[in-house]
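Please go through the model below and work out, step by step, what its coordinates say about a few selected sites.

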Amino acid sequence: MEKKSYKETLLMPQTDFPMRGNLGNKEPEIHQAWKDLSLYELVMEKNKTKKHYILHDGPPYANGSIHAGHALNKILKDFVIRYKNMSGFCAPYVPGWDTHGLPIENALSKSKKVNRKELELSDFRELCKAYALEQIDIQREQFKRLGVLGEWDNPYITLEAKYEASQVRVFKEMVEKGLIYKGLKPVYWSPSSETALAEAEIEYHDIVSPSIYVAMPAVDTMNKLPKNTSFLIWTTTPWTIPANLAITVGSDIEYVLVKHKNCHYVVGKSLLAKLTDLLGWSNPVEVQNIFGWELEGMTYKHPLYERISPIIIGDHVTVEDGTGLVHTAPGHGEDDFVVGQKYGLDVYCPVDSKGLMMEEAGERFAGLYVDDCNEEVVKALFEGGYLLAKFDFTHSYPHDWRTQKPVIFRATSQWFASIEAIKDDILKEIQTVKWYPAWGDVRLSNMIKDRGSWCISRQRTWGVPIPAFYTEKDTAILDPNVIEYVANIFEKEGSNAWFIKEANELLPPGYTHPDSPNGIFRKETDIMDVWFDSGTSHHGAMKDIGYNYPADLYIEGSDQYRGWFNSSLITGVATEGKSPYKTLVSHGFILDGEGKKMSKSMGNVVDPNKIANTLGADIFRLWVASVDYQADVRLSDSLIKQVSESYRKIRNTIKFLLGNIFDYNDKTDKVAFEKLGKIDKYVLLKNNELIKEVLQAYDEFEFDVVYRKITNFVTFISSFYLDFAKDVLYIEKADSLNRRSIQTVIYKILDSLLKLLSPILPHTTSEAYNYMPNKEAKDIYLLDMPEVEDLDNSVEDGFDEFMDLREDVLKALENARNEKIIGKSLNAKVILYPKPRIENLLEKLDLNLAQVFIVSELEISKEGFGAYKGQDVTIDVVKAEGHTCERCWQVVKEVNEDGICERCENVII
Ligand SMILES: [Zn+2]
């Protein structure tokens, strides 16, 4: 007898959505489709009447290809932008670039072999500009490749004329408020790059320095101390001894006068034991105790010069180390400078820009580099009998972050922005910001509290000039009207005008000044700190181009507490009296799989561009979503592999869902919630819960929670619901209530899954959405996030226990398969021997248990015990007796002459 094939009577899944992502090749096609569609513009158009949500982009520095850190940053931003645009906001994204500064000057001389000495400044700056724009083009393509959507054709760039004009106007406002001043001050100075450095440009590394103990001979002790007394000081920078102008003591610190051999020394009392040991003193005699305030006003002679200097009082003195008496050189230290100002000391600095000692330091030291000067000073002190001890001392010391060479503190004439005047306002504003993570508040507050004035001038070429002039008498002119005039020129011609035009062409016509009787003026040659460039972006790239102030959100790496978060806050409060951001999110750094820093020499660098072009940007994005980004995160090929595996599961699930709604129309075939089966309702409730939790997680920037919730849900539905749903979807009549119920649930799950995943996997969801039947929009990005429905969740009662029971049944089936009692689970008959509690539960739930467990027969027995012992049930699994239906493979009591069961017979009639 010829057997009939029933294959074509089954409703097998149908979709062309490919199993394999092939993202490396496909994503560029998807980008082209977005471009053809003007997707970003359509999103903006759709949301134009909605409330703005401004994520203000911190500008990356335009130099070199993007690395994993850049990719992490831009992708996190894209998550937020896409989520907000799908959640009732209008969230434009204007990317920016930071373009001035030393690295580009260096890149030109290094990689482009430009000899700047042969060029006019303005020509050199044009080359810098061209270089920066080239770099922007490279980075822009790489950022776009990651799927980041925004105004890539209209970014803000700090070298653009209108941006520079905005920046100069922020400067003007600060001048008007009296916050800008010129002064001599010790600043971090890098002899290796011959420039002042911002705190953000400092790195700390261990170095070995000479640690010396020096006796400074007393001159006038106001009859309180015997003759032949010395004040004992300690320093690790002997080259600053020539600039010593005072010794600072703590007012309430107790000092002791000790006699060793024939000399008397003043030292901190609590340090005496340690010093005795260190200096190898034998039996020093404590002569008298004396407080710091009693020492104030005494004098001593400089050990190397005929110079008399005072003992002064300062709050910064401690007895933690040293001698309790602090060598004070106001030209070479921040604390020294501050205390020196109080006592009217000179800001004396006999060191030039190259780090060489100047002639005023004396013949013996002149021309020596500070390090070499150390040695010579030590020798001189030794020869004079002032050196009591010298050791090698390893300590953490500031270095230039670019050249990696040690920096010095050196007094130079600089422009400053006063922080002190607005510090309280800034600290108050910090309290209004919402911080992610929460410690950001304390971190930034402490940095602001410790911050002195902000040195905003740099002795370089590639940057925005400080719009100041000097008269014939060298007085500085900082006049708001003049600055506005300059800003207008910059707005039209760019800041290179400063280097092309003469001073008189940059001053308002007819400008006069009493200190310039001949009408001769000189331009300032310093440029602004690049942190002032990017730190004013809330004007240049927000307020002045029509967006609100403050922004809703800043997201950058945790190094920006020192950098952009900090400088933006200062200029923001200085000009607007308000923090420029309402919410601040910071992310960590990317380490390798073992938690080590990535570096080319270690060979552990993971390149996001390579991942995007091979595995796909969506894989990298999924990795970003998977990590707790607010701390430092790990990235390696094997971690990417794990994420790829998750991706594959998500994609397969999407394909299965798509495949089973090919003949379903959500408008006409949808089954009302009340009419759904219990399990359908239960799964729909789980989906509703997922929506709620994921939206909450997005609102709190917890993308790893989004990732975890979604991947858990995918596992849940594919291992439970979708597994047994096949028996209904493939076999039952197309429009049976059972089948339509499952399709109703599947459609809802698919619809919400694609939307919820859309910010994270924009390529995959955009692609999958194209395969949805009856789609409502041109792209999923044009839809809104799914809403949390108000569903009757009493359906969930008892389901947790039921899922435990299911686990037991699955294990019992697994055992039976291993013992070869059954093959497929459809061969099985399951007999449950439940405890009364479970029996009641099953009665209450009233489920088609055979179908849920995907077996042919299920029996509940009130008596006896099964071989498998579960928690609240014992179970027997036996081979189902009867005939196997040719169509649905269930084992049934009877089949018809065509070999199919009654259920199937009814379906195919
Ligand atoms: Zn059948």
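The questions and answers that follow concern a predicted model.

Q: Which residues supply the protein donors of the zinc ion, and at what distances do they lie from it?
A: The spacing of the donor residues in sequence is C-x2-C-x12-C-x2-C. Each of them contributes its SG atom, and the residues are Cys-885, Cys-888, Cys-901 and Cys-904, at 2.1 to 2.4 Å from the ion.

Q: What is the geometry of the site of the zinc ion?
A: Four donors count as tetrahedral if all angles lie between 85 and 135 degrees. Among the 4 donor atoms of this site the angles run from 104 to 115 degrees, and the geometry is tetrahedral.

Q: How many residues apart in sequence are the parts that Cys-885 and Cys-904 tie together?
A: Cys-885 is found in the loop that runs between strand E33 (883-884) and strand E34 (891-892), whereas Cys-904 belongs to helix H29 (residues 902-908), so the pair joins parts whose separation in sequence is 19 residues.
Both of these cysteines, Cys-885 and Cys-904, are buried, and for Cys-904 the relative accessibility is 0%. The separation asked for is 19 residues.

Q: How many disulfides does a search of the whole structure find?
A: A disulfide requires a pair of cysteine sulfur atoms within 2.5 Å. When the whole structure is searched, the number found is 0.

Q: Is Thr-323 buried or exposed?
A: Thr-323 sits in the loop between strand E14 (308-313) and strand E15 (325-328), and its contacts beyond four places in sequence are Tyr-213, Leu-232, Ile-233, Trp-234, Val-267, Gly-268, Leu-271 and Leu-275. Buried means under 20% relative accessible area. With a value of 1%, Thr-323 is therefore buried.

Q: What is the relative accessible area of His-763?
A: His-763 is part of helix H25 (residues 762-769). Leaving out residues up to four places away in sequence, His-763 touches Glu-27, Ile-30, His-31, Trp-34, Leu-146, Gly-147, Ala-617 and Asp-618. His-763 is buried, and its relative accessible area is 0%.

Methods: Residues numbered from 1 in each chain as written. Predicted model: local features only at pLDDT ≥ 70, side-chain atom pairs only at ≥ 80, totals over all residues. Heavy atoms only, no water. Helix = DSSP H or I, 4+ residues; strand = E, 2+ residues; numbered from the N terminus. Buried < 20%, exposed > 50% of the residue type's maximum accessible area, 1.4 Å probe, protein only. Contact = heavy atoms within 4.5 Å. Donors = N, O, S within 2.8 Å, 3.2 Å for Na, K, Ca; no water. Tetrahedral: all angles 85-135°; square planar, octahedral: opposite > 155°, others 65-115°.
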